Amino acid sequence: MSTKQAPEDLSDATRIVGAGRRSEWTGPVVNPPVWRASTHLYENTAALAQGPRTNEDGRFFYGRRGAPTQWALADALTALEPGAAGTVLYPSGVAAIAGAMLAVLRPGDVVLISDNAYDPTRSMGKGLLTDFGIEPRFFDPLDLDAYRAAFCERTRAVLLEAPGSLSMEMCDLPALAAIAREKGAISMLDNTWASPLGFAGLRHGIDIVIMALTKHVGGHSDLMMGSASAGPELYEKLRNRAQQLGNVVSPDDAALALRGLRTLHLRLAHETQSALAVAQWLAARSEIAQVLCPMLPGAPGHDVWRRDFTGGCGLFSFVFRGGDAAARNRFIDALTLFGIGYSWGGFESLAIPIEPSAYRSRMTWPPAPCGEGDRHGVRLAIGLEAPEDLIADIEQALDAWQPR
Ligand SMILES: *Cc1c(COP(=O)(O)O)cnc(C)c1O
């Protein structure tokens with residue numbers, strides 16, 4: 001091939017290697033140095049007076065607007081999100097969700113929140129947003145008619161998440177986004193699970209794509225960060241609001257996140273393969289009533305996932321057939337290769353017990369295909385260990401579950 005390929009023709013694997021690298025930020029080194037900077041100095045008072053006018057992304061101004069380390073990360077994330085004009089970084093995923101909400105909502109507005117959204121998102125609706133005169137209404141994202149009927153004249157925005165937190169339901173994101181647009185509301189998607197490599201949100205009609213970079217982008221369980229990406233108009237709004245809220249991320253963390261980002265593609269592909277192997281194995285076990293893993297053929301939501309997504313990750317859940325919470329907890333305690341902890345998206349495998357009914361007001365738990373007494377769930381985050389070792393560990397831990 002003699003012609004140089006345009007960046008958008010390159011595959012994600014290729015683009016992720018060089019995304020965000022600009023010689024004016026990195027000089028001759030591969031990675032941007034960690035620019036620890038609060039004060040940015042000006043040549044003279046005339047240049048200082050020009051400052052506010054050159055307060056654009058990628059220009060020195062003052063530390064709260066970042067410096068090349070943060071700019072390189074934001075730029076790389078923008079390059080990976082087709083349709084994005086820019087990306088705002090936040091000190092955590094929750095801060096990104098709050099930043100997006102506060103950028104688009106005003107007192108008196110209604111925000112529709114997916115009933116299976118991450119619990120702190122639900123709590124934000126009932127706490128922060130309610131306190132500021134914004135009304136949260138929860139909806140079942142699998143019921144398009146009920147969703148459509150939930151809009152009113154005051155509905156300004158919709159918060160989506162797929163798959164659902166803990167219970168892993170896969171909704172029809174393009175349809176939900178299209179209905180929001182038709183109703184004049186802004187759609188926001190918490191895309192932490194798939195990342196833009198697995199689901200190109202803006203290309204599917206979403207207006208603001210949010211990620212907890214804490215999870216897969218960081219990828220090594222050692223930093224907290226969030227992001228929101230959008231087209232030109234909403235990006236400006238996000239950026240201004242983030243500035244007003246004083247959101248800035250440390251350059252050390254930005255450098256770590258950028259390092260994590262370079263291997264995101266590999267880690268997601270590996271995790272997805274391993275998660276599928278574990279999910280398949282679990283699905284064949286008599287102790288398991290239902291595997292909640294949209295990537296698994298035959299599992300709930302698989303067809304929608306196949307249609308809309310180009311990738312997955314290592315996070316999924318399953319429900320025991322019968323048993324009780326104590327048996328489920330014995331199983332988790334007997335695992336030796338899975339840590340017990342919140343979060344996910346690191347290189348290491350994790351397991352937690354789940355009881356989503358405490359965080360639902362519109363959807364039911366256990367999910368429909370489960371029988372009467374099947375309700376005790378586990379969420380697994382499959383890391384980079386060999387899947388056969390993880391399966392062997394799960395097999396021995398199932399001995400501890402066996403109802404005696
Ligand atoms: C962890 C998580 C968040 C929040 O990210 P933090 O960095 O922990 O604040 C948001 N959404 C989802 C889906 C998450 O898993």
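## Basis of the description

Helices (H or I, at least four residues) and strands (E, at least two) are DSSP runs, numbered from the N terminus. The structure is a predicted model, in which local features need pLDDT of at least 70 and side-chain atom pairs count only at pLDDT 80 or more, while totals for chains, interfaces and linings use all residues. Residues are numbered from 1 along each chain as its sequence is written, and side-chain values use heavy atoms, with hydrogens and water left out.

## Domains

The protein is divided into domain 1 (20-262) and domain 2 (264-401), with bounds that come from an automatic or database domain assignment. Taken over C-alpha atoms, the centres of domain 1 and domain 2 are separated by 28 Å. Domain 1 gives 41 residues to the contact and domain 2 gives 37 residues, where contact means heavy atoms within 4.5 Å.

## The largest pocket

A pocket is defined on a 1 Å grid over the protein atoms alone, as an open set of points where a 1.4 Å probe fits, with protein on both sides within 12 Å along at least five of seven lines; its lining residues have an atom within 4 Å of a point. The largest pocket holds about 700 Å³ of space, a volume being the space filled by probe spheres set on the points, which are joined across faces, edges and corners.

The lining of the largest pocket has 35 residues, and those nearest its centre are Tyr118, Pro120, Ser165, Leu166 and Arg379. Both domain 1 and domain 2 contribute at least three residues to this lining. Helix H5 (93-104), helix H6 (119-131) and strand E10 (350-354) each supply at least two. By class, the lining has 20 nonpolar, eight polar and seven charged residues; Ala, Val, Leu, Ile, Met, Phe, Trp, Tyr, Cys and Pro count as nonpolar, Asp, Glu, Lys and Arg as charged, and the others, Gly among them, as polar.

## The second largest pocket

The second largest pocket holds about 430 Å³ of space. It is lined by 26 residues, of which Asp57, Trp71, Ala74, Thr87 and Tyr235 are the closest to its centre. Helix H4 (68-80), strand E1 (86-90) and helix H10 (232-245) each give at least two residues to this lining, and the largest share, five residues, comes from H4. The lining of the second largest pocket comprises ten nonpolar, eight polar and eight charged residues.

## Helix H10

The 14 residues of H10 should span 20 Å at 1.5 Å a residue, which agrees with the 20 Å between its end C-alpha atoms; the expected span is 1.5 Å times one less than the number of residues. Leu234, Tyr235, Leu238, Arg239, Ala242 and Gln243 are the buried residues of H10, buried meaning under 20% relative accessible area, exposed over 50%, and partly exposed in between (1.4 Å probe, protein chains only). These buried residues pack against E1, H5, strand E5 (186-190), strand E6 (208-212) and strand E7 (226-230). After H10 comes Gly246, with a positive phi near 75°.

## Backbone features in loops

Most residues other than glycine have a negative phi, and most peptide bonds are trans. The loop between strand E4 (155-161) and helix H8 (173-182) contains Pro163, and the peptide bond from Ala162 to Pro163 is cis, with omega near -5°. Met168 is found in the loop between E4 and H8; Met168 is not a glycine, yet its phi is positive, about 65°. With 3% relative accessibility, Met168 is buried.

Another cis peptide bond joins Trp365 and Pro366, with omega about 0°. Ser221, in the loop between E6 and E7, has a positive phi of about 60° and is partly exposed, at 47% relative accessible area.
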